[in-house]
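Dear colleague,

I am passing on the structure that we spoke about, and I would be glad if you could look through it beside the notes below.

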Amino acid sequence: MAFTLTALTDPLPFDDIIDVRAPSEFAEDHMPGAINLPVLSDAERAKVGTIYVQQNRFLARKIGAALVARNAADHLQGALADRDGGWKPLVYCWRGGQRSGSFASILSQVGWRVEVVDGGYRRYRRLVVDLLYHQTLALDLVLIDGGTGTGKTALLDHLGQAGAQVLDLEGMAEHRGSNFGGWARAQPSQKMFESRLAGALARLDPARPVFLEAESNAIGSVLIPPTLWSAMGQARVIRVSAQVAARARFLTTTYPDLTEDRARLRDRIESLRPYQPRDRIEAWLGQAAEGDFEGLAAGLIEHHYDPKYRRALNRAETAPLGEIALDDLQAPDLEAAAARILAMV
């Protein structure tokens, strides 16, 4: 039986969502909450595809059916061994074709009330693309703007704790948005980032303001889709500032992965050679080697980040809704700033 997805906010009356595509397909992107029970591994999928194109279509289907049956048996005896008779799964593959249909047929023979996503992952992906690339975003966005190290991400956390609607783009992108902002693990694919973003946007209440950080159109290797990017260009802005010393102290606590990994930190400094004089790069490398992280952070703020931020401010076309100057960036200071921001909107 086919199940039709009509909107990203549709309630799904199923106990599990099962993605039967190969692991590499699942890793690139998948429906929210789905588990991966591949009926063909990446190698098996490639093998069957090669036989289908280069040898014989019937032989490819025969070999593929045998592999699907074998893998389905492994799932029944493994991941699905504890499911009882009332279990109701939703299954999908790339386009709602042979892989999901074959697996669903086996599950239905067990006696489970299984349904297949009509159109498969491609149907879900079309909903995501429509929201992020074709619709107009009817949300009241409020950008938290400020130089590097002014605690913008932490402010979003405090706003969320106060009950405000928050959109954490850097969390979804798994990147802190600056040259030194990469996390130790790889970023999600563009499609995975868009899935996370579309799901978050679909859950927001358009009658209430939504707070997010001011960003460039790229967060590390992922791009902000045009629907949101256009809305951010029209958003209200609240600017946050703090003295360089306070920001430098704050950065040393928010980038522990870099201070603990001297090799990564050195690589990040080296990447600035095209933009900074040689003697400054050597001084920063020396500070990193000696563990003078506050001094290094202060130098980066003064000579790298703040000049870029000032150029962006000079291009800004509208005055901010409000400005908040912070003496320090400890939790109480940020909590108080979040309260002030809420009072402004």
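The largest nonpolar core in this predicted model has 40 residues, and those with the most contacts inside it are Leu141, Leu167, Leu169, Leu197, Leu201 and Leu228. By a nonpolar core I mean a set of buried Ala, Val, Leu, Ile, Met, Phe, Trp, Tyr and Cys residues joined through side-chain atoms within 4.5 Å, where buried stands for under 20% relative accessible area, exposed for over 50% and partly exposed for what lies in between, with a 1.4 Å probe and protein chains only. At least two residues of this core come from each of β4 (89-92), α5 (120-134), β6 (141-146), α7 (169-173), α8 (190-202), β8 (210-213) and α9 (226-233), and the largest share, six residues, is that of α5. Helices (H or I, at least four residues) and strands (E, at least two) are DSSP runs, numbered from the N terminus.

Once its neighbours within four places in sequence are left aside, leucine 201 is in contact (heavy atoms within 4.5 Å) with Leu131, Leu132, Leu137, Leu139 and Leu167. Another core, of 21 residues, lies apart from the largest one, and among its members are Leu67, Cys93, Leu107 and Trp112.

Turning to the strands, five of the seven residues of β11 (residues 236-242) are buried, so this strand is largely enclosed by the rest of the structure. β11 runs parallel to β6, to which five bridges join it, and in that pairing valine 142 has arginine 236 of β11 as its bridge partner. β11 also pairs in the parallel sense with β12 (residues 322-326), over five bridges, and here valine 240 is partnered by isoleucine 324 of β12. Two strands are taken to pair if DSSP finds at least two bridges between them.

As for the whole protein, there are 15 helices and 12 strands, and 45% of the 345 residues count as buried. The C-alpha trace spans about 70 × 50 × 35 Å along its principal axes, and of the contacts between residues at least 6 apart in sequence, 71% join residues at least 24 apart.

Two remarks on how to read these values: residues are numbered from 1 along each chain as its sequence is written, and side-chain values use heavy atoms, with hydrogens and water left out. Because the model is predicted, local features need pLDDT of at least 70 and side-chain atom pairs count only at pLDDT 80 or more, while totals for chains, interfaces and linings use all residues.

With best wishes
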